[in-house]
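Me: I would like to go through the salt bridges here. Please keep it brisk.

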Amino acid sequence: MPVRKRNEELEIKNVILFSSIERSTTVCAQFVGGFTREWSFKLPEAFKEALDIKTTVRQINKVQHSVVTQGTSYSFKKGDVIYDSILAYTFEWGEALKLTKFMIQIDDAAPDSFQIVN
């Protein structure tokens with residue numbers, strides 16, 4: 001079998017394997033009042049997608065339920081800003097700076113993904 005054909009087959013198998021990995025019902029962050037509860041830096045719920053947290057329909061005892069699940073693909077974006085205080089998200093920029101000790105800004109980012117190794 002030609003090498004190219006073999007590599008394409010491996011790629012297809014890897015995509016099928018990784019897309020079939022089941023999402024976990026254990027999530028890395030709990031959101032209370034719209035923000036992460038236990039983290040030092042407070043992320044608003046808008047970052048759920050970046051943390052690969054979403055509601056998934058699961059069948060339990062033949063009944064469908066909506067369940068919060070965690071995936072494996074984190075995807076913060078360049079320009080995302082995370083503050084250490086919930087207050088920083090609710091005030092205008094000048095006032096928010098006075099209420100914030102630390103902030104993180106993402107300077108460069110690439111979505112987390114699986115590397116296909118041949």
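Me: Is lysine 98 buried, partly exposed or exposed?

Reply: This is a predicted model, where local features need pLDDT of at least 70, side-chain atom pairs count only at pLDDT 80 or more, and totals for chains, interfaces and linings use all residues. Residues are numbered from 1 along each chain as its sequence is written, and side-chain values use heavy atoms, with hydrogens and water left out. Buried means under 20% relative accessible area, exposed over 50%, and partly exposed in between (1.4 Å probe, protein chains only). Lysine 98 has 62% relative accessibility, so the residue counts as exposed.

Me: Which residue meets lysine 98 in a salt bridge?

Reply: A salt bridge is a side-chain nitrogen of Lys or Arg within 4 Å of a carboxyl oxygen of Asp or Glu. The N to O distance is 3.1 Å, and the partner is glutamate 95.

Me: How far apart are the closest N and O atoms of glutamate 45 and lysine 48?

Reply: Glutamate 45 is partly exposed at 38% relative accessibility. Lysine 48 is partly exposed too, at 26%. Their salt bridge has its closest N and O atoms at 3.7 Å.

Me: What is the relative accessible area of glutamate 38?

Reply: Glutamate 38 forms a salt bridge with arginine 37, with the closest N and O atoms 3.6 Å apart. Glutamate 38 is partly exposed, and its relative accessible area is 41%.
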